[in-house]
Each structure stands twice: as C-alpha cells, then as structure tokens.
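Here is a short note to read beside the model. Please follow each point on the structure as you go.

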Amino acid sequence: MHELTDQQLIELHRALVELRRELQKQLEDSTDGAKPISLDASIGRLTRMDAMQQQSMVQANRRTARTRLTRIEAALRRYHSKAYGLCVECEEEIGYARLKAQPEAPFCIGCQGNRETRDA
Ligand SMILES: [Zn+2]
C-alpha cells in the first residue's frame, strides 16, 4: 500500500542521491579543517584560539553531516527493498509532504513525535 506515485518516488530518490553527494563532498572538503592544530609557536595565541574555535565548528558540522549521511544511506537501502516511505516503527505511510522536506525521514510524524516526547 503505497500512496507515493512513481514520479514522487523517483523525485525523492533523486533528492536522496543528491543529498548524499553533497554531504560526502562536504566531508571530503572539510578533512583539513578537522585535523589537529599544530602547536607551532609561529602562530599567535589568538590565532590559535580562532583556529581551535574554527576546528570545533568544522568537527561539529562533520558530525552532523555524518549522522545525516547514515540516515540517507539507510533511506536508500529502504528504497531498494521497497520499504521507502513507510515508517520504520509503525509501517504507516510517512507522507509525501514530510518526505519532500526530509527525504531521509525514517518515522511518520506520529512516531517521531512519540520518540521526541519519550526522549525529552
Ligand atoms: Zn510511525
């Protein structure tokens, strides 16, 4: 029981592939920024603090990107096993509007809400 049309599925699949590529690129491009900062005395203390702040931001962004990438890859696996678009918890339709906003969404809005209440 799939409410999504073939056209919508193709569109969402394309969005997932596109997002995966962007995130992979982002992770590749930020490898340098995440490297440990050398304690070379030739850079001043303030510069080093800037660099450390910059680095922790890069690392936080990389963590976010990796988490999202994992969800996207899981969504692509569901797509290939014909389970895409169904909530992994209750197997109800997630709905096109929600998937369009977040193609990697694993839960329907109800289950997502339950999880957030439970985790809070
Ligand atoms: Zn659900």
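1. Start with two helices. The axes of α1 and α2 cross at roughly 150° and come within 9 Å. Axes here are lines fitted to C-alpha atoms, for helices over the stretch in contact, and angles run from 0 to 180 degrees between N-to-C directions. Angles over 145 degrees count as roughly antiparallel, so α1 and α2 are roughly antiparallel to each other.

2. The contact involves residues of both helices, including L16, L23 and L27 of α1 and L69, I72 and L76 of α2. Contact means C-beta atoms, placed from the backbone, within 7 Å.

3. This is a predicted model: local features need pLDDT of at least 70, side-chain atom pairs count only at 80 or more, and totals for chains, interfaces and linings use all residues. Residues are numbered from 1 along each chain as its sequence is written.

4. L12, L16 and L23 of α1 are buried (20 or more other C-beta atoms within 10 Å of their own, C-beta atoms being placed from the backbone). The buried residues of α1 pack against α2 and α3 (96-101).

5. Which residues make up the largest nonpolar core? They are L12, L16, I72, A75, Y84, I94, L99 and C108, 8 in all. Such a core is a set of buried Ala, Val, Leu, Ile, Met, Phe, Trp, Tyr and Cys residues joined through C-beta atoms within 7 Å. α1 (6-29) and α2 (45-80) each give two or more residues to this core.

6. Finally, look at L99. Not counting residues up to four places away in sequence, L99 touches L12, G85, I94 and A105.

Conventions:
A residue is buried if 20 or more other C-beta atoms lie within 10 Å of its own, exposed if 12 or fewer, and partly exposed in between; C-beta atoms are placed from the backbone. Helices (H or I, at least four residues) and strands (E, at least two) are DSSP runs, numbered from the N terminus. Two residues are in contact if their C-beta atoms, placed from the backbone, lie within 7 Å. Angles under 35 degrees count as roughly parallel, over 145 as roughly antiparallel, 65 to 115 as roughly perpendicular and the rest as oblique.
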